[in-house]
Amino acid sequence: MTKPWISAVLLALLGALCAVEGTWSLGLYHWWGFIAVVLATIFAIGLICAKAFKDGRSMAFILVHCGVFLVLFGGFFGAADIRDGHMAVWSDEQALPENMAVEIDGMAFQLPFAIKLKEFRTDFYEDGTSPKQYSSILEIDGKEFSTSVNHPCRYKGYWIYQYDYDRQYGQYSILKVVRDPWLWIVFLGFALLAVSAIIEVKKTWKGRWVIPVIVILAAAFTALSLARINLGTMMPALRSLWFIPHVIIYMLAYSVLAISLVMGIIGLSGKKGAEDTGRKMMATASSLLVLGMLCGAVWAKYAWGHYWTWDGKECWAAATWLLTLLGTHIPKKNARILVAAALISFMAMQITWYGVNYLPSSQHSMHTYNSR
């Protein structure tokens with residue numbers, strides 16, 4: 001289970017399944033085949049981590065595999081313990097505090113506290129019509145809390161989010177309450193992945209000539225991406241500290257991946273050093289992709305309550321990253337397979353960037369704001 005070819009097969013399967021889910025939103029994550037692949041991946045990565053410690057592998061190698069293991073382990077086995085529900089709280093002085101929330105399947109559960117809405121407020125931009133922020137002032141067990149988009153409050157193990165509101169009269173606020181006792185395991189995995197990615201980028205980014213090219217391409221990608229969003233009246237969900245690093249890191253990753261493809265193609269002609277440079281760029285792109293995805297996951301946790309929702313764009317982002325990881329598992333001196341991996345990853349990147357807006361999954365996506 002620790003052989004590179006087994007890792008390659010599992011990465012290919014996970015990438016393909018994420019791409020299918022990201023295209024049609026079929027709910028594949030409930031399918032026994034998908035579950036079997038995830039369990040096999042968790043088992044294989046666990047063995048790889050143990051062997052890596054025994055063999056004294058590099059810090060980046062150990063951290064990335066331990067990080068993936070913790071994220072998959074905590075996300076998979078912790079899913080059954082998540083409590084996720086919605087509740088409406090009223091600003092009427094006669095309204096009683098609410099302590100019941102309803103899950104997506106209609107099942108109700110009782111919270112260990114009661115919530116009363118003291119005030120709901122909408123802040124607008126200078127034009128007076130574009131909403132800048134939605135906020136609820138809450139009273140919980142006699143204490144005052146504030147929750148707004150991207151700024152949930154926490155109480156007794158629950159994250160409390162501003163989810164919706166009474167759009168006609170503003171008399172009630174709809175809150176989302178989430179309890180995830182395994183979250184710390186997943187976030188620890190995020191931290192290990194982030195550190196390993198930074199170490200990997202530092203180690204592989206030695207070719208100084210590529211830095212200005214990457215910066216220019218990243219600036220172009222960033223400008224094209226931001227041009228689709230009205231920065232002057234950004235919706236509340238986009239007003240996050242994670243927005244800028246999320247976009248910039250992804251644009252850097254896209255630029256490096258493009259260079260990897262070009263260098264791989266040049267390597268096919270036999271040019272000395274081109275294949276090696278392409279391989280390093282692939283590893284760097286993979287590290288940057290996971291950094292960008294982690295920024296998005298933390299952002300999503302603070303904005304919508306979950307770091308992962310099987311959204312179309314999320315799935316295609318994961319597929320792109322998994323494909324670049326697959327490229328890093330290709331044996332050296334195999335330029336054609338490297339180019340094929342870089343080309344497929346680059347195509348997946350195009351779908352992640354803008355293609356998801358035209359897929360069937362976009363009908364239920366939270367990431368279609370840049371298509372309007």
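Set aside the neighbours within four places in sequence, and D180 is in contact (heavy atoms within 4.5 Å) with G78, I82 and Y307. This is a predicted model, where local features need pLDDT of at least 70 and side-chain atom pairs count only at pLDDT 80 or more, while totals for chains, interfaces and linings use all residues. Residues are numbered from 1 along each chain as its sequence is written, and side-chain values use heavy atoms, with hydrogens and water left out.

D180 sits in the loop between β8 (172–179) and α4 (183–204); helices (H or I, at least four residues) and strands (E, at least two) are DSSP runs, numbered from the N terminus. D180 is buried yet has no salt bridge, and the nearest side chain of opposite charge, K301, is 5.3 Å away. Here buried means under 20% relative accessible area, exposed over 50%, and partly exposed in between, using a 1.4 Å probe and protein chains only. Lys and Arg count as positive, Asp and Glu as negative, and His and the chain ends are not counted. A salt bridge needs a side-chain nitrogen of Lys or Arg within 4 Å of a carboxyl oxygen of Asp or Glu.

By that rule there are 10 salt bridges. One of them joins D84 and K176, whose closest N and O atoms are 3.1 Å apart. That pair links distant parts of the chain, with D84 in strand β1 (residues 83–90) and K176 in strand β8, 92 residues apart. D84 is partly exposed at 21% relative accessibility, whereas K176 is buried at 7%.

Staying on β8 for a moment, Y172 lies in this strand too and is partly exposed, with a relative accessible area of 23%. Beyond its neighbours within four places in sequence, Y172 is in contact with A88, V89, W90, L117, Y165 and D166. Y172 and F120 are 52 residues apart in sequence but 7.4 Å apart in space, C-alpha to C-alpha.

Back to the charged pairs: K118 and E144 meet in a salt bridge at 2.9 Å, N to O. K118 belongs to strand β3 (residues 108–124) and E144 to strand β5 (residues 143–148), so the pair ties together parts that are 26 residues apart in sequence. E119, R121 and D123 are linked in a network of salt bridges.
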